[in-house]
Amino acid sequence: MARFLHLSDTHLGYKQYMMDLREEDFYESFNEAIDLGLEENVDFFVHTGDLFDTWSPSNRAMNEFKKAMIKLYKKNKTMYLIMGDHDRPKRTDEIASRIFDFLGVKLLGTEGLQSIVINYGNEDILLSGISNMKGLRKNSLVEQYRKADVEAKSYRNSIIMSHQGVSPYLIAEACEVDSKDLPVNYKYLAFGHVHDSYLITDKYPVFSYAGSTDLNSTNEIKNFLRNGKSVNLVDIEKGKIDAQRIKLKTTRYQNTVSSDFANYLEDTLKIIEAPKSNEKEPLISVTIHGESDRDEVKSKIKALDHVIIRGPVFEKEVKSIEEKPNMSKLQDYFRAYFKDDTMAQLAENIFNSIKNEDSETSYRLIKEIMQVE
Ligand SMILES: [Mn+2]
């Protein structure tokens, strides 16, 4: 029997909301995943992309990764990895994760499908990897899955690693491939890119988005509150897969409060007092709708202990759109420009979300609003 840990989307180096402690959080949940694999005595690790948050990670982020890989190296464990969309160099540059090849980090399929045969626990396993394919590369994706599928027929044990948006796990516009186009002859489909976790074991083959190890955006809160963040511990024996989700304990609790002046404090306190899986102060994004005494809100929120509050953001009541645009509001200009109400609304939402943010955060927020990872 061979055992491996499937993790994904660790985004090392990401400093969410420009907070130092959020950067630390990402290192911590990554290290928890690594330690978990070592404790479970896995034979190898499978990382399905977005290892670092950018293709040009900070020295700190690379050093954190190096420290973890030394732990693996000392126990003679290999990490097999593919590139996510965040990992592919934009210009001619070395791929960051490949610098660590001397510590047993094995990057697969940078230019297309690549397969190797590995042997652990007396099991021969076909391990195929295809790094994120987008832009022009995307066109050959399905063809490469088919090619891989032919190869997989000859192996009892097989795993394919891929980092793509698969419909229906993400809105159709953000997907490169439909689930019906996925390989069927592999035993375990190890996917990255979607940050919510999915582990489908009642169909054949077993399919999984391991999900991110920490929250990259508020879009992930809903799923996080239900399932937490996790990695998969997978046993493979004579063509059979036994996979289970293991919940991470160190991921910082996050939630949102969308309330009004009368109720925001009570709503926030309720969340602060809710049980958490760790001692970290919860991070709560607060939005207050309608009229409010802003100074009072700010001082009351400042007085709260054991919590990190993001905001508060004050939203004025949404006034009904006037019938005749009089070009007195921003919305009128957006509508005049796009000649489309939906687009105008979207433009205004984006504008309101990013007007007080730095460019990096703005870029993040736009991606969040557009629901692209
Ligand atoms: Mn990602």
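User: How many aromatic pairs does the count come to?
Analyst: The count comes to 19 aromatic pairs. Keep in mind that this is a predicted model.

User: What is the geometry of Tyr14 and Phe26?
Analyst: Their ring centres are 5.5 Å apart and the planes sit at 75°. That angle is over 60 degrees, so the pair is edge-to-face.

User: Which parts does that pair tie together?
Analyst: Tyr14 is in the loop between strand S1 (2-7) and helix H1 (20-39), while Phe26 is in helix H1. So the pair links parts 12 residues apart in sequence.

User: Buried or exposed, those two?
Analyst: Tyr14 and Phe26 are both buried.

User: What about Phe191 and Phe207?
Analyst: They make a tilted aromatic pair, with 5.2 Å centre to centre and 40° between the planes. Phe191 belongs to strand S10 (residues 188-192) and Phe207 to strand S12 (residues 206-209), so this pair ties parts that are 16 residues apart in sequence. Both residues are buried.

User: Which aromatic cluster has Phe191 in it?
Analyst: One made of Tyr145, Tyr169, Phe191, Tyr198, Phe207 and Tyr209.

User: Where does the charged end of Lys276 sit?
Analyst: Over the ring of Tyr253, 4.7 Å from the ring centre.

User: Switching to the metal. Which protein donors does the manganese ion have?
Analyst: Asp9 (OD), His11 (NE2), Asp50 (OD) and His195 (NE2), at 2.1 to 2.4 Å from the ion.

User: What spacing do the donors follow along the chain?
Analyst: D-x1-H-x38-D-x144-H.

User: Why does Asp9 count as buried?
Analyst: Because its relative accessibility is 0%, and the cut-off for buried is under 20%. His11 is also at 0%, so His11 counts as buried too.

Key. Residues are numbered from 1 along each chain as its sequence is written. This is a predicted model: local features need pLDDT of at least 70, side-chain atom pairs count only at pLDDT 80 or more; totals for chains, interfaces and linings use all residues. Side-chain values use heavy atoms; hydrogens and water are left out. Donors are N, O and S atoms within 2.8 Å of the metal (3.2 Å for Na, K and Ca); water is not among the atoms, so sites may look incomplete. Buried means under 20% relative accessible area, exposed over 50%, partly exposed in between (1.4 Å probe, protein chains only). Rings of Phe, Tyr and Trp (its six-membered ring) pair if their centres lie within 6.5 Å; planes under 30 degrees apart count as stacked, over 60 as edge-to-face and the rest as tilted. Helices (H or I, at least four residues) and strands (E, at least two) are DSSP runs, numbered from the N terminus. A charge sits over a ring if NZ of Lys or CZ of Arg is within 6 Å of the ring centre and within 35 degrees of the ring normal.
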